[in-house]
Amino acid sequence: MFAFCKKWKQIKGEFMNEMVDEIFSNCKEDLEKAYLHQQNEYLVIRAGRANPHILDKVMVEYYGVPTPIVQMGTVTVSEARILNINVWDASQIKNVEKAISQSDIGITPTDDGKTIRLVFPMLTEERRKEIVKNVKKICEETKVAMRNVRRDALDMLKSMKKDGELSEDEYASSEKEVQKLIDKYTDLADKLAEDKEEEVMKV
């Protein structure tokens, strides 16, 4: 009977460890998603230099199917503030141009019948400061999302403690590990925002 109880405790302990590991794994995955979303949001911010990523969210009606521009042609940076789009299907140049004009990127495209050109205007100091505000807002939203991930992870750990599946010490240790993950990713979010601000303010 003693051997059975010992074996059962071992199996139960391994199962609990797996559950805690899964909470950590999901926590890290959700933090990574929040950080990746922040990166993607920054990619499409216009900072006064030619940036192909501002076209990432622009969709073109291509034979009835919303299609990303990068799937319809080659996008290249010809000069510091000039973006060229070579549309493979020449019959779609006007459609691509229309989609860009109707998007919120704020640049009017021109074409010579073969290539669409986007000229990025120099940003004013006032405009740069507005963009920096947006950069900070995105960073704060990212950190709010990360704090929500922490809350969810701790709620699950608290539930395990309440049900007697985790001791006070095990819970305290797990809580510290979750906080380490949060601290790591919030630091990454802050650093990303700082780098983007520096890029935007650089004349």
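## Terms and model

Buried means under 20% relative accessible area, exposed means over 50%, and partly exposed lies in between. The structure is a predicted model. K191 has a relative accessibility of 44%, so it counts as partly exposed.

## Salt bridges within helices

The whole structure holds 13 salt bridges. One of them joins K191 to D195, with the closest N and O atoms 2.9 Å apart. Both residues sit in helix α4, four residues apart, so about one helical turn separates them. D195 is also partly exposed, at 35% relative accessibility. Elsewhere, salt bridges that share partners tie K94, E97 and D111 into one network.

Helix α3 spans residues 125–162 and contains both R127 and E130. These two residues form a salt bridge, and their closest N and O atoms are 3.2 Å apart. They are three residues apart, about one turn of the helix. R127 is partly exposed, with a relative accessible area of 37%. E130 is partly exposed as well, with 42%.

## A salt bridge between helices

Side chains of opposite charge can pair when their charged atoms come close. D190 and K143 form a salt bridge, with 2.9 Å between the closest N and O atoms. This pair links distant parts of the chain. D190 belongs to helix α4 (residues 168–201), K143 belongs to helix α3, and 47 residues separate them.

Are the two partners buried or exposed, or partly exposed? D190 is partly exposed, with a relative accessible area of 27%. K143 has 16% relative accessibility, so it counts as buried. The cut-off for buried is under 20%.

Strand β1 covers residues 59–62, and strand β2 covers residues 65–68. The strands pair in the antiparallel sense over four bridges. E61 has P66 in β2 as its bridge partner. β1 and β2 form a hairpin, with two residues between them. In a regular strand the side chains alternate between the two faces of the sheet.

Y63 lies in the loop between β1 and β2. Its phi is near 55°, a positive value in a residue other than glycine. What is the relative accessibility of Y63? The value is 62%, so Y63 counts as exposed. The cut-off for exposed is over 50%.

Conventions:
Residues are numbered from 1 along each chain as its sequence is written. This is a predicted model: local features need pLDDT of at least 70, side-chain atom pairs count only at pLDDT 80 or more; totals for chains, interfaces and linings use all residues. Side-chain values use heavy atoms; hydrogens and water are left out. Two strands pair if DSSP finds at least two bridges between them. Buried means under 20% relative accessible area, exposed over 50%, partly exposed in between (1.4 Å probe, protein chains only). A salt bridge is a side-chain nitrogen of Lys or Arg within 4 Å of a carboxyl oxygen of Asp or Glu.
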